Amino acid sequence: MNVAADASKTVSGVDDRRRPAPALLIATLGTVGVVVSLMQTLVIPIIPSLPAMLNTSASNASWVITATLLAGAVTTPISGRLGDMLGKRRILFANILLLVAGSVVCAMASSLVPEIIGRSLQGAAVGAIPLGISIMRDELPTERVGSAMAIMSATLGVGGAIGLPVAAAIAQNADWHMLFWTAAGLGIICAALIFVFVPESPVRTPAKFDFGGAVGLSIALLALLIGITKGADWGWGSARILVLFAVAVVVFLGWGAYELRRKSPLVDLRVSARPRVLFTNIASIAVGFSLYGMSLTFPQLLMAPEQTGYGFGLSMVNAGLALAPTGFVMMLLSPVSARLSAKKGPKVTLALGSAVIAVGYLCAVVLMNSVWEIMLAAIIVAAGVGLAYAAMPALIMGAVPVTETAAANGLNSLMRSIGTSTSAAVMSVVLAHMTMSLGVHVLPSRDGFHTTFFIAMAAAVVGIAFTACIPTKKAAEAAS
C-alpha cells in the first residue's frame with residue numbers, strides 16, 4: 001500500500017474506494033499528458049502563415065504562441081495548489097475542459113483576439129501533467145509509482161516531438177482550423193478517460209485558497225516571461241522591457257514576503273527552500289533550457305535550403321518526421337530512468353541525463369553533414385531529457401509532504417517552463433544576429449547554429465553542477 005492509501009486509512013479506518021487497474025490509470029494519465037503537451041507545438045507549422053490568416057502583423061500574430069506559454073506558466077502552480085485543496089481529479093478534469101473550450105474557440109475564429117483567448121485556455125491545461133504525477137503517487141502501488149511518474153513526466157517532451165509532424169500533416173492537407181477541431185476531439189477523449197478511469201484522491205489539504213498569492217505570482221510571472229519572450233522584438237534595452245523586468249523583481253520580492261506570512265500560502269517557500277527541492281528546481285530550469293534548444297534549432301537546420309551549405313531543404317512534415325523518434329526515445333527511457341533512480345537514486349539519474357544532453361549537443365556540432373547525423377544528435381539529446389525529466393518528480397516527491405505533492409510538482413513544471421522560455425529568447429537572438437545572405441533572404445549561419453548548440457551544452461553542464469548540490473535523501477533527513 002502506498003503513502004496516500006495509508007493516509008486515507010488513518011482518517012476513515014479503511015480505504016475501500018474503487019481503484020482502477022494500475023495499467024489503465026497509467027495509460028489514461030499518460031494519454032492526457034501527451035495531448036496536453038501537443039498544444040505547445042500545435043501551431044508551429046502555420047506560424048509563417050498566421051499573419052495572413054488572422055489579418056494582422058507578424059508581431060501581433062506571435063502572441064498566439066506566447067499566450068499559451070504565459071497561461072501555462074501562470075496556471076500550473078495554481079492548479080497544483082487547487083488540486084491539493086479540492087481534489088486532484090477534479091482540477092485535472094477542469095484543466096481538460098479548458099483545453100477543449102480553448103480549442104473550440106480557436107477552431108471557430110479567424111481573427112487575432114479570439115485566437116489569443118483560445119490559445120490561452122489551451123495553455124492553462126498544462127497543469128494536468130504535474131497533477132497526473134501526484135495522482136499516480138496517491139493511487140498506485142509503491143512498486144509502480146517510480147516508473148509511472150517517469151512516463152508521465154516524459155510526456156512533456158513526447159507530445160511536443162510527435163505533435164510537430166502530426167500538426168504539419170494536418171495543416172498541409174486540410175484547412176488550418178482542423179488543427180483545433182482535432183485538439184478539441186482529443187480533449188473530449190481525455191475527459192471521458194478521466195471520468196471513467198481516474199479516481200479522486202483521498203489526500204487533501206483543507207485550507208482557504210491564497211488569492212493574494214495567486215495574483216502576485218501571476219503578475220510577477222507575466223512581467224518576467226513577457227520580458228523574456230518579447231525582448232528580441234521590442235529591444236532588450238527598450239523602456240518596456242526594462243520596466244517589465246523591474247516589475248518582476250519588485251513583485252517577486254513583495255510576493256515572497258507576503259507568502260512567508262501566510263498560514264496557507266499558494267507556494268510554501270520554506271518547503272521550496274529546502275536544498276533538495278531548491279537545487280532540483282534550479283537544475284530543472286537548466287534542463288528545460290537545453291530541451292528547447294533542440295526543439296527550436298534542429299527543425300530550422302533541417303529545413304534550411306541546401307544552398308546554405310549546411311541545410312537539407314526538408315519540408316515541415318519531413319523535418320517533423322525526422323525528429324519524431326525523439327519522442328519515442330524519451331518514452332522508452334522513462335522506465336529505465338525509474339529503475340536507475342530506484343537503484344542509484346534520482347540524483348544520479350538527473351546528473352546522468354544532463355550529461356547525456358551535453359554529449360548530444362556536442363555531437364550536433366560535429367555531425368551536421370547529413371540528415372541521419374542530425375537525427376542521431378537529436379536522439380542522444382532526447383535520451384538525456386528522458387532520463388532527466390523522469391528523475392525530477394522523484395526528487396521533489398521525496399522532499400515534500402504528501403499533502404503538497406501537486407503544488408510542488410506544479411512549481412517544478414513552472415521552473416521547466418521558465419527554462420524553455422529563456423531558451424527560446426536566447427536562441428532566437430543568436431540565430432537572428434549570426435546570419436548569412438542567400439539572394440534576398442537572410443538566414444542563420446552555420447556558426448549561429450554551432451553557437452546555439454554550445455549554449456545548450458553549457459546549460460546542461462550547469463544542470464550537472466546544480467544536481468551535484470542536491471543532498472541525498474538521508475542527508476536531507478539528517479539535516480532536518
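**How far apart are the end C-alpha atoms of helix α8, and what should its twelve residues span at 1.5 Å a residue?**

The end C-alpha atoms of α8 are 16 Å apart, which agrees with the 16 Å that twelve residues should span at 1.5 Å a residue, where the expected span is 1.5 Å times one less than the number of residues. The model is predicted, so that local features need pLDDT of at least 70 and side-chain atom pairs count only at pLDDT 80 or more, whereas totals for chains, interfaces and linings use all residues. Residues are numbered from 1 along each chain as its sequence is written, and side-chain values use heavy atoms, with hydrogens and water left out.

**View 1. Helix α8, residues 128–139, packs with helix α9.**

Helices here are DSSP runs of H or I with at least four residues, strands are runs of E with at least two, and both are numbered from the N terminus. The axes of α8 and α9 lie 9 Å apart and form an angle of about 175°; axes are lines fitted to C-alpha atoms, for helices over the stretch in contact, and angles between N-to-C directions run from 0 to 180 degrees. The two helices are therefore roughly antiparallel to each other, by a scheme in which angles over 145 degrees count as roughly antiparallel, under 35 as roughly parallel, 65 to 115 as roughly perpendicular and the rest as oblique. From α8, the residues A128, I129, G132, I133, M136 and R137 meet V145, A148, M149, M152, S153, T155 and L156 of α9. By class, this contact holds nine nonpolar, three polar and one charged residues, with Ala, Val, Leu, Ile, Met, Phe, Trp, Tyr, Cys and Pro counted as nonpolar, Asp, Glu, Lys and Arg as charged, and the others, Gly among them, as polar. Twelve of the twelve residues of α8 are buried, including the charged residues R137, D138 and E139; buried means under 20% relative accessible area, exposed over 50%, and partly exposed in between, with a 1.4 Å probe and protein chains only.

**View 2. S147 is a residue of helix α9.**

With a relative accessible area of 24%, S147 is partly exposed. The C-alpha atoms of S147 and I26 are separated by 9.5 Å, although the two residues are 121 residues apart along the chain.

**View 3. Helix α16, residues 325–344, carries a kink at S334.**

The 20 residues of α16 reach 27 Å from the first C-alpha to the last, close to the 28 Å expected at 1.5 Å a residue. The kink of about 30° lies at S334, shortly before the proline P335, the bend at a residue being the angle between axes fitted to the seven residues ending there and the seven starting there. S334 is also one of the buried residues of α16, among them T326, G327, V329, M330 and L333. These buried residues pack against α9 (142–173), α14 (275–303), α15 (316–323), α17 (346–366) and α18 (371–397). Just after α16, G345 takes a positive phi of about 105°.

**View 4. Helix α15 is mostly covered, with six of its eight residues buried.**

The buried residues of α15 are M316, V317, A319, G320, A322 and L323. What covers these residues includes α9, α14, α16 and α18.

**View 5. V385 in helix α18 and S290 in helix α14 are both buried.**

V385 has a relative accessible area of 1%, and S290 one of 0%. Leaving aside neighbours within four places in sequence, V385 is in contact (heavy atoms within 4.5 Å) with L291, M330, I357 and A390. The C-alpha atoms of V385 and P471, 86 residues apart along the chain, are separated by 21 Å, while S290 and S272, 18 residues apart in sequence, are 23 Å apart from C-alpha to C-alpha.

**View 6. S413 is placed in helix α19, residues 405–433.**

S413 is buried, with a relative accessible area of 8%.

**View 7. N55 lies in the loop between α3 (50–54) and α4 (58–61).**

Most residues other than glycine have a negative phi. Phi of N55, in contrast, is near 55°, a positive value in a residue other than glycine. N55 is exposed, with a relative accessible area of 73%.
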